[in-house]
Amino acid sequence: MVHKFNPKSKHKLDNPERRKLLPPEQTLDRLGLAAGDIMADIGCGIGYFTLPAARIVGSQGKVYGLDILAEMLEIVKDKARNEQLTNVDLIQVKEHDFILADQTIQYALACLVVHEVDEPSVFFQELHRILQPEGKLAIIE
């Protein structure tokens, strides 16, 4: 069994050192996220990338924050509401069922998630299913 993130450690997901090493807005920009994109943040956690992505894609785009933990989605929901971001949809998913329709996503991000997946081949098949044929996939591990 692979290690699963413990939500009690959520404080580690956003700190000055992480922001220095992996600044969310700059990282998404370098990885090619653009205004109008429809994005899925796979394993969105506390919204470290979800909220900056929502600002980047703007009102013509959409960001789906996907996580297996309802507790994490509640954190993102509160943050999105505080920032008045209306282009964020949060979905509690299963590890191998992202619930979205086929080819919904133009851009998928999986940051520090793949190492926690029990069956990587099934996980990547599900990513492939929701990603549009010309879509982009960014993995940070």
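**Figure 1. Overall fold of the chain.** The chain contains 5 helices and 5 strands. The model shown here and in the following views is predicted. Of the 141 residues in the chain, 45% are buried. When contacts between residues at least 6 apart in sequence are considered, 77% join residues at least 24 apart.

**Figure 2. Pairing of strand β1 with β2 and with β4.** Strand β1 comprises residues 38-42 and runs parallel to β2, to which 5 bridges join it. Within this pairing, Ile-42 stands opposite Leu-66 of β2. Strand β1 also runs parallel to β4, and 4 bridges join these two strands. Here the bridge partner of Ala-40 is Ala-108 in β4.

**Figure 3. Strand β2, its cover and its pairing with β3.** Strand β2 spans residues 62-67 and is mostly covered, with 5 of its 6 residues buried. Strands β2 and β3 pair in the parallel sense over 5 bridges. One of the paired positions is Tyr-64, whose bridge partner in β3 is Asp-89.

**Figure 4. Right-handed β-α-β units.** Strand β1, helix α3 (residues 50-57) and strand β2 make a right-handed β-α-β unit. A further β-α-β crossover takes the chain from β2 through α4 to β3, and this crossover is likewise right-handed.

Figure 5. Ile-139 is found in strand β5, which covers residues 131-140. Its relative accessible area is 40%, so Ile-139 is partly exposed. Apart from neighbours within four places in sequence, Ile-139 is in contact with Ala-110, Val-114 and Phe-124. Ile-139 and Ile-42 are separated by 97 residues in sequence, and the distance between their C-alpha atoms is 9.8 Å. Ile-42 itself stands opposite Leu-66 in β2.

**Figure 6. Two loop residues with positive phi.** Gln-84 is not a glycine, yet its phi is positive, at about 55°. This residue is placed in the loop between α4 (70-82) and β3 (88-92). The relative accessibility of Gln-84 is 68%, and it therefore counts as exposed. Ile-99 is also not a glycine, and its phi is positive at about 70°. The place of Ile-99 is in the loop between β3 and β4, the latter strand covering residues 105-111. With a relative accessibility of 49%, Ile-99 counts as partly exposed, because the cut-off for an exposed residue is over 50%.

**Figure 7. Cysteine residues Cys-44 and Cys-111.** A search of the whole structure finds 0 disulfides. Cys-44 has a relative accessible area of 5% and is buried. Cys-111 is buried as well, with a relative accessible area of 8%. Both assignments follow from the cut-off for burial, which is under 20% relative accessible area.

Terms used:
Residues are numbered from 1 along each chain as its sequence is written. This is a predicted model: local features need pLDDT of at least 70, side-chain atom pairs count only at pLDDT 80 or more; totals for chains, interfaces and linings use all residues. Side-chain values use heavy atoms; hydrogens and water are left out. Buried means under 20% relative accessible area, exposed over 50%, partly exposed in between (1.4 Å probe, protein chains only). Contact means heavy atoms within 4.5 Å. Two strands pair if DSSP finds at least two bridges between them. A crossover is right-handed if, with the strands pointing away from the viewer, the path from the first strand over the helix to the second runs clockwise. A disulfide is a pair of cysteine sulfur atoms within 2.5 Å.
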